[in-house]
Amino acid sequence: MNAAIETAFTTPLCRRLRVRFPIFGFSHSVDVCVAIARAGGFPVVGLAREMPEEIPDIIKSLERKMQGMPYGIDLMLPGGVPEHGNHASLQEALPIEQRNFVSALRQRFEIKPPSQPSFFTTQVRTQALFDQQIEQVLASNATAIATAIGLRADLIVRAKAAGKMTFSLIGSPRHAAKALDMGVDVLVAQGYDAGGHTGPIGTMSLIPQIVELAGDTPVLAAGGIATGGQILGSMAMGAQGAWLGTLWMAAKENHTPSALLERLVNAASDDTVVTRAHSGKPCRVVRSAWIDAWEQTDAPAPLPMPFQQVLTGDVFTSIHETNDNRLIYEAAGQSLFAIRGQTTIAAQFEQLVSEMREAWLSLQPWAGGETSA
Ligand SMILES: Cc1cc2nc3c(=O)[nH]c(=O)nc-3n(C[C@H](O)[C@H](O)[C@H](O)COP(=O)(O)O)c2cc1C
């Protein structure tokens with residue numbers, strides 16, 4: 001019986017990607033991705049915040065550990081960023097009001113400079129950086145390439161020519177239409193509830209609109225999803241699976257700093273906020289004293305992407321490095337309600353699949369009742 005139910009969960013997209021469950025896991029962690037693949041899901045590793053010189057080794061290490069299992073890579077490709085940019089010189093050119101505000105916060109919270117360079121202290125999101133990332137990703141053995149916040153027609157064409165599938169994270173029918181025009185293979189309909197960069201439409205309202213628009217193009221549901229019942233509900237609305245991000249931060253494999261894990265465990269869905277303080281674009285994060293400071297009436301407006309991260313990248317790096325329990329924050333969705341303590345990816349998959357089964361079975365008496373009425 002269980003096996004028969006599970007077969008029903010294997011959607012055409014799962015079969016095409018050679019995975020057992022319709023569970024797609026986004027993570028910045030190689031270890032999380034490997035564990036998701038082993039558990040029967042499709043992992044997508046985020047490389048949009050890695051040092052460019054480290055990306056080839058990250059891909060190599062991932063592919064060695066994956067032993068041929070299918071996986072995807074995700075990049076963020078926002079439009080409207082400069083062609084080129086040097087972190088140090090741009091920093092000096094930032095507006096004085098925002099620089100003074102951040103200096104005062106550094107003093108008030110006694111934030112130490114980070115001891116190690118990171119993406120956020122050295123890189124600027126520019127077209128030149130994206131060009132480099134695209135070459136690295138196209139050279140990988142990834143089955144699929146996903147992009148968020150923007151799309152590049154040249155990447156879609158080249159990925160397809162290289163035999164890779166293309167996924168696009170979209171938050172509105174307008175963005176979906178653009179992705180379909182470019183020939184994207186899979187739409188990830190990511191609602192307002194999601195961790196990370198998000199639009200104003202809630203997941204429940206977004207999915208049916210995108211499914212209708214997409215026609216034969218498969219759609220995945222994302223944003224606020226952290227239970228098997230929600231995954232099955234998304235499939236009832238026409239999605240071929242769900243794409244989760246926040247939930248995996250509770251897994252040991254993610255090596256989440258302890259102060260952040262504690263914050264996620266203790267936070268409720270309404271402790272997440274959509275703010276421009278992280279990147280300059282609306283991004284849902286779990287609140288902390290750092291995020292709250294940017295919401296005060298005396299705070300200046302955050303700078304547009306990519307300049308907000310040039311301004312604050314050292315702080316983001318430092319508060320993670322020092323595990324600062326006052327200030328630490330991360331992208332997180334309303335789905336954090338399901339984070340109750342540290343666990344493993346295997347246990348999370350077991351729970352999600354068992355909840356899917358329960359949800360499926362719980363609907364059967366209703367269907368039976370209707371037939372016999
Ligand atoms: C910590 C974190 C970092 C994220 N970074 C990215 C990213 O670099 N690229 C991207 O396409 N999506 C990113 N996302 C969004 C996820 O791809 C996904 O759409 C989202 O997590 C789904 O909603 P959920 O968080 O409620 O599961 C991130 C999400 C989280 C929680």
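Start by selecting Leu-247, Ala-338, Arg-340, Gln-348 and Gln-351: among the 15 residues lining the second largest pocket, these lie nearest its centre. Here a pocket is an open set of points on a 1 Å grid over the protein atoms alone, where a 1.4 Å probe fits and protein lies on both sides within 12 Å along at least five of seven lines; lining residues have an atom within 4 Å of a point. The volume of this pocket is about 250 Å³, taken as the space filled by probe spheres set on the points. Colour the lining by class and you will find 8 nonpolar, 5 polar and 2 charged residues.

A word on the model: it is predicted, with local features needing pLDDT of at least 70 and side-chain atom pairs pLDDT 80 or more, while totals for chains, interfaces and linings use all residues. Numbering runs from 1 along each chain as its sequence is written, and side-chain values use heavy atoms, without hydrogens and water.

Next, show the strands (DSSP runs of E, at least two residues). A closed barrel of 8 strands, paired in parallel, runs S1-S2-S3-S4-S5-S6-S8-S9. Zoom in on S8 (residues 219–222) and S9 (residues 242–244), joined by 2 bridges; pairing takes at least two by DSSP. Ala-221 faces Ala-242 of S9 there.

Finally, select helix H1, residues 2–9 (helices are DSSP runs of H or I, at least four residues). Ile-5, Glu-6 and Phe-9 are its buried residues (under 20% relative accessible area, 1.4 Å probe, protein chains only). Look down the axis of H1: the buried residues fall within an arc of 100°, so they line one face. On the other side, Ala-3 and Thr-7 are exposed (over 50%).

Notes:
The arc is that of the directions from the helix axis to the C-beta atoms. Ala, Val, Leu, Ile, Met, Phe, Trp, Tyr, Cys and Pro count as nonpolar, Asp, Glu, Lys and Arg as charged, and the others, Gly among them, as polar.
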